[in-house]
Amino acid sequence: MTISLNESDIINVNFGKGVKIVKPVNLYSCQIGDDCSIGPFVEIQADVIIGKRTKIQSHTFICSLVSIGDDCFIGHGVMFVNDKFSNGCPAKGDKSLWQKTNIGKNVYIGSNATILPVSICDNVVIGAGAVVTKDITEPGTYVGNPARKNENK
C-alpha cells in the first residue's frame with residue numbers, strides 16, 4: 001500500500017505588515033492584508049484576498065475566488081463555497097463553473113455559517129449557523145437558513 005502524505009503549509013502568500021498566524025494552517029497563492037489574524041486549522045486557497053485588520057477564527061475554509069474587506073471578523077468553522085454544483089455534481093476541476101464571493105468592510109460572520117457565492121455589502125452581521133444563499137445589499141443582521149434580515153430590534 002502506498003500512502004501520500006502532505007503537510008499543511010504556507011506557500012506563495014503575499015502578506016501585509018503585522019500579520020499573526022497560529023499554525024497549523026494551509027495558505028497558498030493568496031493575499032493577506034496588514035494586521036490580520038488567522039487562527040489554527042484555517043485553509044485559505046488561491047486567488048483569495050483578505051483585507052486589513054480582518055480576524056479569521058479556527059477551522060475556517062476560504063475557497064478560491066473569495067474577497068473579504070477590511071475590518072471583518074470570520075468566526076470559527078465558517079465555510080465559503082465557490083461551486084454550486086450547477087451541473088448537478090461537483091465541477092471536478094472545471095474552474096469555469098466556480099463563482100466569486102465578495103464580502104464588504106465591517107462584516108461579522110458568526111461561527112459555522114456557510115457562505116455561497118454572493119456579494120455582501122458593508123456593515124453586515126451574519127448570525128452563527130446562517131446559510132447565505134443570496135446577495136445582501138442592505139446593512140443589518142441576517143440569520144437562519146436561508147439567511148434573512150432580522151427585523152427584531
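Student: In β8, which residue is the bridge partner of Ile 32?

Tutor: Start with the terms. Strands are DSSP runs of E, at least two residues, numbered from the N terminus. Two strands pair if DSSP finds at least two bridges between them. Here, the bridge partner of Ile 32 in β8 is Ile 50. Strand β5 (residues 31-32) and strand β8 (residues 49-50) run parallel, joined by 2 bridges. This is a predicted model: local features need pLDDT of at least 70, side-chain atom pairs count only at pLDDT 80 or more, and totals for chains, interfaces and linings use all residues. Residues are numbered from 1 along each chain as its sequence is written, and side-chain values use heavy atoms, with hydrogens and water left out.

Student: In what order do the strands of the open sheet stand?

Tutor: The order of the 6 strands is β2-β5-β8-β11-β14-β17, with parallel pairing. β2 (14-15) and β17 (119-120) are at the edges; each has a single partner strand, so one side of each lacks a neighbour in the sheet.

Student: Which residues touch the most other members of the largest nonpolar core?

Tutor: First, the general idea. In soluble globular proteins, nonpolar side chains tend to be buried together. A nonpolar core is a set of buried Ala, Val, Leu, Ile, Met, Phe, Trp, Tyr and Cys residues joined through side-chain atoms within 4.5 Å. Buried means under 20% relative accessible area, exposed over 50%, partly exposed in between (1.4 Å probe, protein chains only). In this structure the largest core has 35 residues, and Ile 44, Phe 80, Ile 115, Ile 120 and Ile 126 touch the most other members. Among the strands that each supply at least two residues of this core are β7 (42-44) and β18 (124-126).

Student: What is Ile 120 in contact with, leaving aside its neighbours within four places in sequence?

Tutor: Contact means heavy atoms within 4.5 Å. With those neighbours left aside, the contacts of Ile 120 include Val 107, Ile 115, Ile 126 and Val 132.

Student: Where is Val 22 found?

Tutor: Val 22 is in the loop between β3 (20-21) and β4. At 44% relative accessibility, Val 22 counts as partly exposed. Leaving aside neighbours within four places in sequence, Val 22 is in contact with Ile 38, Gly 39 and Pro 40.

Student: How does β20 pair with β18?

Tutor: 3 bridges join β18 to strand β20 (residues 140-143), and the two run parallel. The partner of Ile 126 in β20 is Tyr 142. By contrast, β20 and strand β21 (residues 148-149) run antiparallel, joined by 2 bridges.

Conventions: Helices (H or I, at least four residues) and strands (E, at least two) are DSSP runs, numbered from the N terminus.
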